[in-house]
Every structure is written in C-alpha cells, then in structure tokens.
Amino acid sequence: MGTRRGRPVSGPGRALLVVGDVVTDVVARHRTPLAAATDTAAEIRTLPGGAGANAACWAVRSGCADVRLLGRVGTDAADWHEQALRRAGVRPLLVPDAEAATATVIALVDASAERTFLTDSGAALRLSPADWTAGLLDGVAALHLSGYLFFAATSRETARRALRDAREAGVPVSVDPASAGFLAELGVEAFLTAAEGADVLLPNADEARLLAGGREPEAAAAELSRRHPLVVVTLGATGALVAEGGAVTARVAAPPVPAALRVDSTGAGDAFTGAFLAARLAGADAAKAAEAGCRAGAEAVTLVGGRPPESLSPESRSPGP
C-alpha cells in the first residue's frame, strides 16, 4: 500500500485484512421509471454484498492471495455469507449476532445502471471493540476499513481501535468513506476526526467534495492529501485522481464501457478499492494501482451485484433454505 510519495510500504506480513460490512443485497433492476403507488416491472436477485466484503472479493480476484474479512452478521444468514466469501477465496472472520439480522440493502438500479440504495445496517454496525483484537494483524501487510463502520458509535470505536493498533504495528491503513449521504448525516468533522491517522483515503467524487467543503474533485483531492498522505478520488466512468502532499500527482483514465454493457453500478467503487489495494500490495505505485482499480470498476458495471462473477455461483443467490 502507498503512503508518503507513492511508494509501496511494506508491512510485517503479506495479507490484506478488511474490516467492514457484510450485507445481503436485493438488487432490483427496472428499465422504466418507478411508478408511485403501483407496480413497476423489475428483475430482482438476492446476492451477497457489502462494501467491505465486496472489496475483499475483488482483492482476491486481482491477485491478492491472502485476504481476510472481519465483519458482523446476523445468525439468519451467517452460513450463507461465510460460504460465499470462501467461494470467492476470502478468509471470513465473521462474528454472529443473535440479536440483529444481517445488514440488508435494496439496490434500485435504473436503465442507465445508476443505483439508489435503501439500507438497513442491521448487525454490520454492531461490530464492537470486543470483536477486535490486535492479534488479527498477525501476518497482515495492510488494513482496510470500510467507511460504513464510522457511521455508528459502536463500530466507529472498533474502527478507531483497529486503526490505532495497526499504526502501532507499522501496518498501513486505508479508509473508504463509503457514503456521501451517511457522511452528511454524521458530519464531516466527526468523520475526519475518526479517520485521522489513515495513510490512504479512497473517496468518490461526491464524498471528496463533501469532505473538502464543496471543492471540485481535483481541489478536494489536493486538500484531503494534506490530511492523509495518499488520496485517490474515483470519478466513475472518467477515471480517478491521485493526490499526495497537497497536490494532484496523477490523473488516470477508466477503460470505456459501452452503454449497452453497463447493467449495474453497484459495487463498482468496491471493485476499484479491492483491485487498488491488491496492486499496492504487489508493489505498484499509486498511479498504476489506480489504473488497476479503474479496470476492475469498469468490469464491475457489466455485472449484476457487487462481486466478481466467480463468487456468484447459483447457490449463492439466496440465503434461504
């Protein structure tokens, strides 16, 4: 993973540890606008998802051989999610919660592949400090924290402890801010304070604008890189910006994806994150890692759901019996 001047930083091991959300996604693709108070035809699938879990799966897909995921799930779907993660090559470290259901997201995907989320965070944001131990960093070269953890007090404290322990162990930390809507609700200063000390920040354009006081993405990337050594702002179909030390240092284009092939933007940012982190662990500089992230994001929009295709075998499509 990268820090000060775009050079990869070696940790004490080779694994990537992701701490984040595991979610049951209900993806509803509708070709016509939603019709209020009546029916709208849609293609609906139930799939394993979650920003943290998706990023972990894409990191494996992108060549990282040892990816571990710590997350909290309800007992209602714990086995299903564990099996899906193992099938994707991720080592699941799931904490079962008997009091809350697994997080669920309804993704409404329109004809342009743009998605709108309805989110029930369920067990995901109940990840507690008791679920974390510094021993989870054994053999780990990089820690990634899903920003969704920062949006509830209990999981935010867990994320802060993980970040602190990683820094003490010399393990670089990346954070994905995750949601402009939830960021606005939490408050910018509260998020920035909680994420203080992270080596890498991976916002999308809307999140970067919000975190930098309304600045446009380039200025926002530069401003945020005064707080975090490396900032990579994803710009969707137009690519990504890399900023370090208060200045944009690279602009990366995304591979073009014909409109006819774009089916679902759910998880495109997670794909970028996973591929970016895998590339950094393999020794790529920040710009090359961002190129890898853009390639993964371009592939992700051609797929339904947020995971690579090999992790979505037919039996993964429903958590029911």
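I started with a polar contact of 2.7 Å between the side chains of Thr-266 and Asp-264. A polar contact here is a pair of N or O atoms within 3.5 Å; within protein, one must be able to donate a hydrogen and the other to accept it, and residues adjacent in sequence count only if both atoms are side-chain atoms.

Before going on, I noted the ground rules: this is a predicted model, where local features need pLDDT of at least 70 and side-chain atom pairs count only at pLDDT 80 or more, while totals for chains, interfaces and linings use all residues. Residues are numbered from 1 along each chain as its sequence is written, and side-chain values use heavy atoms, with hydrogens and water left out.

Where is Thr-266 found? I placed Thr-266 in the loop between β13 and α8 (268-281); helices (H or I, at least four residues) and strands (E, at least two) are DSSP runs, numbered from the N terminus. Thr-266 has a relative accessible area of 4%, so I list it as buried (under 20% is buried, over 50% exposed, partly exposed in between; 1.4 Å probe, protein chains only). Not counting residues up to four places away in sequence, Thr-266 touches Asp-25, Ala-107, Val-109, Arg-115, Phe-117, Gly-305 and Gly-306, contact meaning heavy atoms within 4.5 Å.

**The four-strand sheet.** I traced an open sheet with the order β3-β2-β6-β7 and mixed pairing; two strands pair if DSSP finds at least two bridges between them. Its edge strands, β3 (43-49) and β7 (115-120), each pair on one side only. β2 (residues 23-29) and β3 run antiparallel and are joined by seven bridges, with Thr-24 opposite Pro-48 of β3. Helix α2 (residues 78-87) lies across β2 and β3, at about 80° to β3; axes are lines fitted to C-alpha atoms, for helices over the stretch in contact, and angles run from 0 to 180 degrees between N-to-C directions.

**The nine-strand sheet.** This one is open too, with mixed pairing, in the order β5-β4-β1-β8-β9-β10-β11-β12-β13. β5 (91-97) and β13 (247-252) have a single partner strand each, so one side of each lacks a neighbour in the sheet. β9 (residues 173-176) and β10 (residues 200-201) run parallel, joined by two bridges; Val-175 has Leu-201 as its bridge partner in β10. Helix α9 (residues 286-300) packs on the sheet, touching β11 (230-234), β12 (240-244) and β13, and makes about 40° with the direction of β13. I also found helix α3 (residues 153-168) across β8 (140-146) and β9, at about 155° to β8.

**Helix against helix.** α8 and α9 pack at about 145°, with axes 7 Å apart. Among the residues making the contact are Phe-272 and Phe-276 of α8, and Gly-293 and Gly-297 of α9.

**Cores.** Which residues touch the most other members of the largest nonpolar core? Val-19, Leu-143, Leu-145 and Phe-191 do, out of 46 residues. A nonpolar core is a set of buried Ala, Val, Leu, Ile, Met, Phe, Trp, Tyr and Cys residues joined through side-chain atoms within 4.5 Å. A second, separate core has 37 residues, including Ala-59, Val-200, Leu-202 and Val-232.
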